Structures are given as C-alpha cells and as structure tokens.
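Dear colleague,

Here is the structure that I promised to hand over to you. Please open it first, and then read the notes below alongside it.

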Amino acid sequence: MHDDNLALPHGEYAKHFTSEFYEDLTNEFAPFGSDEGFDVISLAEGHRDEISATTAVQELLEIVDAPLSDEWNQVLKGEEAVDDAVFISSAAFALIRITGRIDPRGHKKALKSLKVLIDSFGDESELVQQKIDLESWTNSPT
C-alpha cells in the first residue's frame, strides 16, 4: 500500500521492507505512523536535495532538526529514551527509504533504538518485524 502523501520509495527499500505497515502513516508502531515518525519522513522528503547516499542517520536527524534529548554518542536511557528511539529508528528507515542505504553507525543505533521500543511496548508485531528486517538489511554495492 502506497500513501499518496509520500514520494515513491527507493527500489532497494521497496524490495526489502515489504510489509504493508511500512507505508502506513496511522499505525503508531510503524516507522512513520507516530507523530514523530511522520515529522521525520515529511521533513526528510522536503530536504531531499540535502540527502544523498553518503548521508548518515545522525546527519539526517540534524537536517530534520529532531529534538533528541541526548547526544548521539550517549546510550539511550532515562525518560526520554523512548522518544529518542522513535526519532532515531524513523530517521534510519527514512534514510533507507530515500537513498537505499544506511551508514553502519546509524544502522547499529537504529537496532538499539528498536530494542528500546520493544522493551518499552512489548513484542508488538510491527516493531519485531522492523528489527528483523533491519537486522537483515545490507547496502547494495555502489
């Protein structure tokens, strides 16, 4: 299912992330279904001219001005960990959706973010599937 509000995803993204919820803008557990996730993908698509295959998740978070409570290098902890985890995982999926690639540090941080979300919300099927799909993601050779 493709929502008309989003640009078409990169072909590699579309081939790998096949569950319908990846395009669902209303499912709180989908990458772009929460308010934070929707803001990330909307702002990222509005800044496509600043995003390339060399953009890192950390840079994308800066481009969309995500209000993270902790510095990138800190461990996700405390009350704001869930909010930060939502922004980081949404940014990771947005980056792959737009460029078909993700940087190694961003990939690792996104997996940690999904673990925080699963620990907080339980084994929601969408979160578990995102973790499985992201764990098996590899960038195509350029």
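**A buried lysine, a cavity and aromatic rings**

Lys109 is buried, since its relative accessible area is 11% (buried means under 20%, exposed over 50% and partly exposed in between, with a 1.4 Å probe and protein chains only). Please bear in mind that this is a predicted model, in which local features need pLDDT of at least 70 and side-chain atom pairs count only at pLDDT 80 or more, while totals for chains, interfaces and linings use all residues. Residues are numbered from 1 along each chain as its sequence is written, and side-chain values use heavy atoms, with hydrogens and water left out.

Lys109 sits in helix H5, residues 104-121 (a helix is a DSSP run of H or I with at least four residues, numbered from the N terminus). Leaving aside residues up to four places away in sequence, Lys109 touches Trp72, Asn73, Gln74 and Ile88 (contact means heavy atoms within 4.5 Å).

Lys109 is also one of the residues that line the largest cavity, among them Leu68, Asp70 and Trp72 (on a 1 Å grid over the protein atoms alone, a cavity is a set of points where a 1.4 Å probe fits but cannot get out, and lining residues have an atom within 4 Å of a point).

Turning to the rings, the structure holds eight aromatic pairs (rings of Phe, Tyr and Trp, the last by its six-membered ring, pair if their centres lie within 6.5 Å; planes under 30 degrees apart count as stacked, over 60 as edge-to-face and the rest as tilted). The rings of Phe17 and Tyr22 have centres 5.1 Å apart and planes at 65°, so this pair is edge-to-face.

With best wishes

Conventions. Helices (H or I, at least four residues) and strands (E, at least two) are DSSP runs, numbered from the N terminus. On a 1 Å grid over the protein atoms alone, a cavity is a set of points where a 1.4 Å probe fits but cannot get out, and a pocket is an open set with protein on both sides within 12 Å along at least five of seven lines; lining residues have an atom within 4 Å of a point.
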